[in-house]
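Look at the sequence and the structure below. The text that follows takes up a ligand site and then a pocket.

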Amino acid sequence: MAAGGTRYLRFILFAVFAFLVVYLITQSTYNGTYDLPNGGVPNPSSSGSKINLNRPAVGESYNPADYPMPMTPSDEGWNDILFNGPAPGPRMNATFVTLARNSDLWDMANSIREVEDRFNRRYNYDWVFLNDKPFDAAFKKLTTSLVSGKTYYGEIPKEHWSFPEWIDQDKAAKVRQDMKERKIIYGDSVSYRHMCRFESGFFFRHPLMLNYEYYWRVEPNVKFYCDIHYDPFRYMVENKKKYAFVLSLYEYIETIPTLWESTKKFIKNHPEHIVEGNSLDFLSDDGGETYNRCHFWSNFEVGSLSWLRSRQYLDYFESLDQDGGFFYERWGDAPVHSIAAGLMLKKEEIHFFNDISYWHVPFTHCPTGEKLRLDLKCNCNPKDNFDWKGYSCTSRYYDINGMEKPEGYENQQD
Ligand SMILES: Nc1nc2c(ncn2[C@@H]2O[C@H](COP(=O)(O)OP(=O)(O)O)[C@@H](O)[C@H]2O)c(=O)[nH]1
Ligand SMILES: *[C@@H]1O[C@H](CO)[C@@H](O)[C@H](O)[C@H]1NC(C)=O
Ligand SMILES: [Mg+2]
């Protein structure tokens, strides 16, 4: 009996030991993929394990069918957004970009939270910050802590933020004084003019931006009211889109009285840059004789940097810059980008992101269609949607592209 009892005890001890060894090995060296609920990915920092996301590197070719991207609630993977970990699938060669001053810090923090909470916490795209002065430590510390991707901080070279030598300073100063008296918004500001010229002709050539193919512009103090389930960059790339907007409207004529004359001069000098099947009818009601002042609001933009760096676009910018309207008037980057996109891109290359809800004072884009708003967990009031109101040009965009307006748009016209 005694011998049998010892053997029994030894067996139990061995079994416990063997179990412990197996347990420790499997727990400490697990390195494969997780079996994921609904295809979601657990938060890597809380699990303490490495996750094999099995996704192609940026720039590596991939087959879209290997990485299905849910676009509607009936597509598989839609609810992956409920998980905190990185979204599955490829990443594009893309970045967020913000031009800001150090004093914009807290307004910028608001914008970053909006973008991260609704989208980037799962995608972890980089964010490039540009400034005409060096960013201070406080700006870098807080923004780096808020962005889930890598952050980069760049100073703008002097020649991208100053008067070109051919500008007549006295004439420019008189214009500012005159615009001040006429109470034209930012009419007397020199820095605002440098900003508009920089956004028109230089941000995409900054050394930090040369590392990317696509950008998404974000300004301080903007809001995103709906979840963004899919990757807008990937949508752009796979559908060959070069420029995307969410809000459009009429420009103040006082700020651009001769912009169209300059544009017509460019068209005459460079007919080869004007593309067939373009969106001229978005910009003009008389076949190009006059500008109807419609433009995409450029404080939100998702676009192709290669397009902005193309000969066509650079020739257009340089032609405008020679004419001096950034300083003799107050040309904004929004009409400049929009006219370029309207004349030098094919209609199909411009995209309207109806499902990306957005606010920049004082206008809101809130998706039309209750089902869409509920699916996207939107917190915008549809009454605030600007798209179908009289001062928006989005209706015109739908018309020239032969697109059917979303159900319920008639109820939002005033
Ligand atoms: N670094 C820098 N950024 C500027 C300056 N002026 C404007 N910005 C940025 O340029 C963008 C547009 O300026 P904002 O004041 O929002 O103009 P608004 O949207 O037209 O009213 C924002 O991202 C600002 O942070 C400036 O003098 N220096
Ligand atoms: C991203 O695009 C830039 C600009 O074209 C290029 O220099 C860079 O090598 C690309 N990065 C990757 C990872 O493909
Ligand atoms: Mg702004």
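In this predicted model, the shell around ligand 2 has 3 nonpolar, 3 polar and 1 charged residues. Its members are Val58, Gly59, Asn93, Leu210, Asn211, Tyr212 and Glu213.

How much of ligand 2 does the protein cover? On its own, ligand 2 has 360 Å² of accessible area, and the protein covers 50% of that.

The next topic is empty space in the protein. Rolling a probe the size of a water molecule over the atoms shows where such space is left. The largest pocket holds about 1,100 Å³. Its lining is made up of 42 residues, and those nearest the centre are Tyr186, Tyr192, Met195, Glu219 and His360.

Which elements give two or more residues to this lining? They are the helices α6 (190-201) and α13 (333-344), together with the strands β6 (248-250) and β10 (358-360). With 5 residues, α6 gives the most. By class, the lining of the largest pocket divides into 21 nonpolar, 10 polar and 11 charged residues.

Key. Residues are numbered from 1 along each chain as its sequence is written. Chains are lettered from A and ligands numbered from 1 in the order in which they are written. This is a predicted model: local features need pLDDT of at least 70, side-chain atom pairs count only at pLDDT 80 or more; totals for chains, interfaces and linings use all residues. Side-chain values use heavy atoms; hydrogens and water are left out. A residue is near a molecule or strand if one of its heavy atoms lies within 4 Å of it. Accessible areas come from the Shrake-Rupley method with a 1.4 Å probe; for residues, only the protein chains shown count as cover. Ala, Val, Leu, Ile, Met, Phe, Trp, Tyr, Cys and Pro count as nonpolar, Asp, Glu, Lys and Arg as charged, and the others, Gly among them, as polar. On a 1 Å grid over the protein atoms alone, a cavity is a set of points where a 1.4 Å probe fits but cannot get out, and a pocket is an open set with protein on both sides within 12 Å along at least five of seven lines; lining residues have an atom within 4 Å of a point. Grid points are joined across faces, edges and corners, and a volume is the space filled by probe spheres set on the points. Helices (H or I, at least four residues) and strands (E, at least two) are DSSP runs, numbered from the N terminus.
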